[in-house]
Amino acid sequence: MTTEHAQQSQEQSGHTRRRFLTATGGAAGAVALGSGIAGAAPAPGGGGRVAVLGGGVSGLSAAHELAERGYAVTVYEYYDALGGKARSMDVPGTGTGGRRPLPGEHGFRFFPGFYRNLPDTMRRIPFAGNADGVRGNLRSGTEALFARGSGRPDLHFPLRRATTPPRPGDLTPSWIRDQILSVLDLGTRLPAHEAAYFANRLLVHLTSCEARREGQWEQVAWWDFIRAEEMSQEYRTLLGIGQTRNLVATRAEVASTRTVGRVIIEALLLWGLLGRGMDGPDADVDRVLNAPTSEAWIDPWETHLRSLGVEFVLGTQVHEVLYDGGRVTGVRVSDRDGGGERTVTADHYVSALPVEHARLTWGRALRAADPQLARCDALRTDWMTGVMFYLRTPTPVVHGHVNCLDSPWSVTAIGQAQFWDVRDFSRDYGDGRARDCLSAIISEWDKPGILYGKTAKECTREEVVAELWAQLKDGLNDAGETTLRDEDRLGWFMDPAVTGLGGPDPRNREQLLVHPTGTLGNRPTARTKVPNLFLAGDYVRTDVDLASMEGANESARHAVNALLEADNSDAARCRVWELYRPPELEPLKRVDELRYRLGLPNTFDLG
């Protein structure tokens, strides 16, 4: 069982992520929940050789599409396991009596109903007993809890899609405004005029043409767009911070209105609750997996890709993408510890590393060949990492996600065991004492907490855990009702990618792209000006425009399509789904396009 003492010992012994993964046995060999599923054979004819740099969601997605089209694919991955930030990890030394080790993770994963590219890939990953592959392992969260601190009333919302959505043609601006106001009236303490103003601002964004969104709202921070600074603290907390920092690790004061409005407000919340633009008739707003991520998704994916002929070279550090004569000529790599340096070659190269690592591999000549690579230096990343708490007592809290609105560290969480209907937590994991896992994410690492008055980066690992637990209790333990009890907490786990906490140089190898104003102009396309180099990753420009697994998968589809074009291949192109655009609003957007060209504000923009 992971205890507080065991975690402290692990940190004091200097366990890095490399040592941790080596100690836990490297890449998963057997698929825990669907082993032995044979995949389809590669397409006949085939293409050339492709080197995919990075084995996260974007790299595996690209490898999947290429292998299905007959290309010989080799994936080079830094760690000893696949999946990147999406994978789950064994907590070392915690499994006894034939049980698996306790499951750890970088942070909880969720699959909103508006995701359509990623679920399409998941359908094509065979899984025993599931007609639609690993997508059948998704379970719906039916509610969301916006927990308030210091005894303030919580906000509790159902997340099922509307049972009587508006008929085509009934979706009018006045109908949308009424729906927004009715939601804001459910338990919030927003002054009526502030709720009305916010509803109006959403109408402005909903009816803005694409040119205005890119030319105007991309340059305006969400905080300024909704005039948060002039409003009440309730307004700022609920509609500013709660919609940005707690969800995508971007501060409302700098987050692009285009991204926040288009993805979080429209696709995730509004159209999701109306059941439009969703991944099938059974898709709900919030979905999670029914087991640890690697068991339910990544391991079966690896097995399927191997059946398609994909090769994996793990424990490999990519140092430089070599460029000469107008093409990539190879990639200089080594073993993760620096030994075994060599150059690997292929006909085509897909760089699927996270941007903070990918840009370090692009030399001066390569950057000169395509200036968009140099612009990636301006892209920003930030910390959004979690802690898993293992509990003696089942603690579902709510059947979905929790957003601790008043927490200074912008904490979100989910009780996981309630969704793992194919698992019995105490029977299958650890030493049999833990019956639940509360997975919590810290999105704000640079503001003082409530226990020590220090930022998360200034705290030691043990202080981070204590502080996070205190903030969770402040939000979840209402007056007269105790949800989290100290005596129930058996242990914890934090991603070993986070190192040096409490010291002069805290680091996080697994950061997340954030979306300040002006970010869009620095995001590259999947196709580069180098004919055999393609980019995939959540930083690449996509329609979903959000650092997410969906964005990573969509970017991989664009990269593969660009590769097929460059190769003059007659293979079918990858289908790419775009975010839903309601036809009822298109006439208003066409009017706005004319107004934007004339230098006029949006029709609904009252300033």
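Reader: Which residues make the nonpolar surface patch of about 280 Å²?
Author: Patches are built from residues with over 30% relative accessible area and no salt bridge, joining like charges within 9 Å and nonpolar side chains (Val, Leu, Ile, Met, Phe, Trp, Tyr) within 5 Å. The areas come from the Shrake-Rupley method with a 1.4 Å probe, and for residues only the protein chains shown count as cover. Here, the patch of about 280 Å² is made by Ile450, Leu451 and Tyr452.

Reader: What average pLDDT does the protein chain have?
Author: This is a predicted model, in which local features need pLDDT of at least 70 and side-chain atom pairs count only at pLDDT 80 or more, while totals for chains, interfaces and linings use all residues. Residues are numbered from 1 along each chain as its sequence is written, and side-chain values use heavy atoms, with hydrogens and water left out. pLDDT is the predictor's confidence in each residue, from 0 to 100. A score of at least 70 is reached by 90% of the residues, and the chain average is 89.

Reader: Which residues have the most contacts inside the largest nonpolar core?
Author: A nonpolar core is a set of buried Ala, Val, Leu, Ile, Met, Phe, Trp, Tyr and Cys residues joined through side-chain atoms within 4.5 Å. The largest one has 139 residues, and its largest share, 9 residues, comes from helix H11 (residues 257-274). Apart from it lies another core of 29 residues, including Trp383 and Trp469. In the largest core, the residues with the most contacts are Trp297 and Tyr539.

Reader: How many salt bridges does the structure hold?
Author: Side chains of opposite charge can pair when their charged atoms come close. A salt bridge is a side-chain nitrogen of Lys or Arg within 4 Å of a carboxyl oxygen of Asp or Glu. Some are linked in a network formed by Glu65, Glu68, Arg69, Asp120, Arg124 and Arg557. The number of salt bridges in the structure is 45.

Reader: How many residues apart are Glu214 and Arg258, which link distant parts of the chain?
Author: Their side chains meet in a salt bridge at 3.9 Å, N to O. Glu214 is partly exposed, because its relative accessibility is 39%, whereas Arg258 is buried at 5%. Glu214 is in helix H7 (residues 210-215) and Arg258 in helix H11, and they are 44 residues apart.

Reader: What separates the closest N and O atoms of Arg423 and Glu295?
Author: Arg423 lies in the loop between strand S17 (411-415) and helix H16 (425-428), and Glu295 in helix H12 (residues 293-307), 128 residues apart. Arg423 and Glu295 are both buried. In their salt bridge, the closest N and O atoms are apart by 3.1 Å.

Reader: What relative accessible area does Tyr429 have?
Author: Tyr429 is in the loop between H16 and S18. Not counting residues up to four places away in sequence, Tyr429 touches several residues, including Arg99, Pro292, Glu295, Trp420 and Arg423. Tyr429 counts as buried because its relative accessible area is 0%.

Reader: What positive phi does Asp545 have?
Author: Asp545 is found in the loop between strand S23 (533-535) and helix H18 (549-566). Asp545 counts as buried because its relative accessibility is 2%. Although Asp545 is not a glycine, its phi is positive, at about 50°.

Reader: And what is the phi of Val397 near?
Author: Val397 is in the loop between strand S15 (385-391) and strand S16 (401-404), which is also the place of Thr395. Val397 is partly exposed, with a relative accessible area of 29%, whereas Thr395 is buried at 7%. Val397 is a residue other than glycine with a positive phi, near 65°.

Notes. Buried < 20%, exposed > 50% of the residue type's maximum accessible area, 1.4 Å probe, protein only. Helix = DSSP H or I, 4+ residues; strand = E, 2+ residues; numbered from the N terminus. Contact = heavy atoms within 4.5 Å.
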